[in-house]
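Me: Could you walk me through this model, one question at a time?

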Amino acid sequence: MKSEWTPAKGFVVAGLVALLCGALFGVIGSWQHVIPGVVDAIPFVKSRPLHVSLVIAWIFLTAVGGVYHYLPKIVGAPLHSTRLAWLHLAIFIGTGMAIMASYFMGRFGGREYWEFPPVLGIPIAASWLLFIYNFFLTANKHKGPWPAYLWMWATGIVFFLITFAEANLYLFPHFTGNMVRELTVQWKAYGALTGSWNMLVYGTAMVVMERASGNTAIARSKTAFLLFGLGFTNLLFGWAHHIYPVPSALWIRVLAYAISMTEWIILARMIQQWRSTLEEGKQGQGSMTGRFLFASEIWVFLNLGLALLISVPAINLFTHGTHITVAHAMGSTIGINTTILFASVFFISGASITKNLRMGFWLFNGSLLLFWLCLVGAGMVKGYYTVLSDLHFQVIMERIRPFIVGFAISGVGLFVGLSMLVWDGIQALLNLPNSLEDLAAHHAIDTELPRSPASVNGRAVHQGSSTTARP
Ligand code: HEM
């Protein structure tokens, strides 16, 4: 079987490499908390943005790679322009390299997740325009009403560009001249940024579930459109629960919290229902895709518990700005986004479960649990002493040290687990056959999905039981 490169494969492989490099900078950053100055060449002011930008790049690269991979199969026609998709990838990787170089040279300039000099945002926006053009011209070939995931992708893709522009508004004096306006716009933009990548990732989860089971009813059900509606509302208003220091009406904040949590509940419910339609007894455990979707379901509930706690204003007073915020950010980007993206990577690559993958899976999830608990513990202790005692900052930091050491040690476990998964993922992708005949031989199935929806909410349907079918 011959294996060729496609833009989709290029995006996913680049995503896996970004994840590995990003996680490595995370490990460096965590040990810098334990032993200050441990890696002198890359101080924390550099390791943190290198880490955050690379892991966010993993989310975007892999989600976009999934769109390029699945879209032609969904619409039953080739991508409008493969050349433009290649150009998109080339610009993305080229700009990514320039961003890394600017961080290494100590040249910053942007804010939060985009700490690079703002001029580098121009090629990112330009390449995204190519993506929008290619996506809509290809998606238009879809016959009949769009399933929920196409709406989710379309909204996520368009709103990423709007949000990205909005995140750069601070460059105009009108915004920098007023503290409240500047903070509000910045958090509004970053709230919508997570909202836009969530749309891409949750849409991908739906596509993977549909293609793995052959059940086309899942993404056409009321629940699927409810998830789309909640995700979109969250994208527009989810910022409200991020900006406690900015005066905004309580009801807006409470509503924003309620919407983001309901969105998670619906996502977990959909995955649970999908698993219940799979082969009796196995519930998706027979493939890496099923295992990762199951893991994301569990992580949704863990993060939901934490989010519920920190949304109570009296508790938020203690936790705001502590390690609990970092636990919330990493808990959701690793526990939910990354597990769904791994489900997609292993589905696209068709990798079967090996001893290495099984070990990587457990090491990843086990270490992540410890990692997350240590961050929550550090945040609780720090918040408690900061608000309720007169202890000096230095003393408080000594009290949370055991948690920080635990965080750094489990971070190494997380990194090793991730490396095992990334290694096998890349290998399987590189061996992936490309032509339709090769694919059919690879999976011994036909590549067309059944067209007729057979049930609603994934309940009664049993159109297929394999979780490794039809990538
Ligand atoms: C391999 C293990 C990892 C380690 C040891 C690690 C460590 C760290 C450290 C030290 C920080 C900075 C925290 C601070 O500001 O004090 C951080 C932030 C962050 N990490 Fe990781 N990380 C890892 C993996 C990941 C992965 C895989 C993702 C996402 C896919 C991720 C997403 C984030 C995000 C979004 C932030 C920003 C948090 C915030 O601003 O609140 N990390 N990480």
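Reply: Gladly! A word on burial to begin with: a residue counts as buried if 20 or more other C-beta atoms lie within 10 Å of its own, and as exposed if 12 or fewer do. Please keep in mind that this is a predicted model.

Me: Is Gly 144 buried or exposed?
Reply: Gly 144 sits in the loop between H4 and helix H5 (148-167). The cut-off for an exposed residue is 12 or fewer C-beta neighbours. Gly 144 has 7 inside 10 Å, so the label is exposed.

Me: How far apart in space are Gly 144 and Val 75, C-alpha to C-alpha?
Reply: In sequence, 69 residues separate Gly 144 from Val 75. In space, the C-alpha to C-alpha distance is 9.9 Å.

Me: What share of the protein's contacts with a separation of 6 or more comes from residues 24 or more positions apart?
Reply: The protein has 16 helices and zero strands. Of the contacts with a separation of 6 or more, the share from residues 24 or more positions apart is 79%.

Me: How far apart are the end C-alpha atoms of helix H3?
Reply: Helix H3 covers residues 82-104, which makes 23 residues. At 1.5 Å a residue the helix should span 33 Å, and the model agrees, because the end C-alpha atoms are 33 Å apart.

Me: What covers the buried residues of H3?
Reply: The buried residues of H3 are Ala 85, His 88, Leu 89, Phe 92, Gly 96, Ile 99 and Tyr 103. An α-helix has 3.6 residues a turn, so residues three or four places apart point the same way. What covers the buried residues of H3 includes H1, H2 and helix H4 (121-139).

Me: Which helix supplies the largest share of the shell around the ligand?
Reply: The shell residues divide into twelve nonpolar, eight polar and one charged. The largest share, seven residues, comes from H12.

Methods
Residues numbered from 1 in each chain as written. Predicted model: local features only at pLDDT ≥ 70, side-chain atom pairs only at ≥ 80, totals over all residues. Helix = DSSP H or I, 4+ residues; strand = E, 2+ residues; numbered from the N terminus. Nonpolar A, V, L, I, M, F, W, Y, C, P; charged D, E, K, R; others polar. Expected span 1.5 Å × (residues − 1). Contact = placed C-beta atoms within 7 Å.
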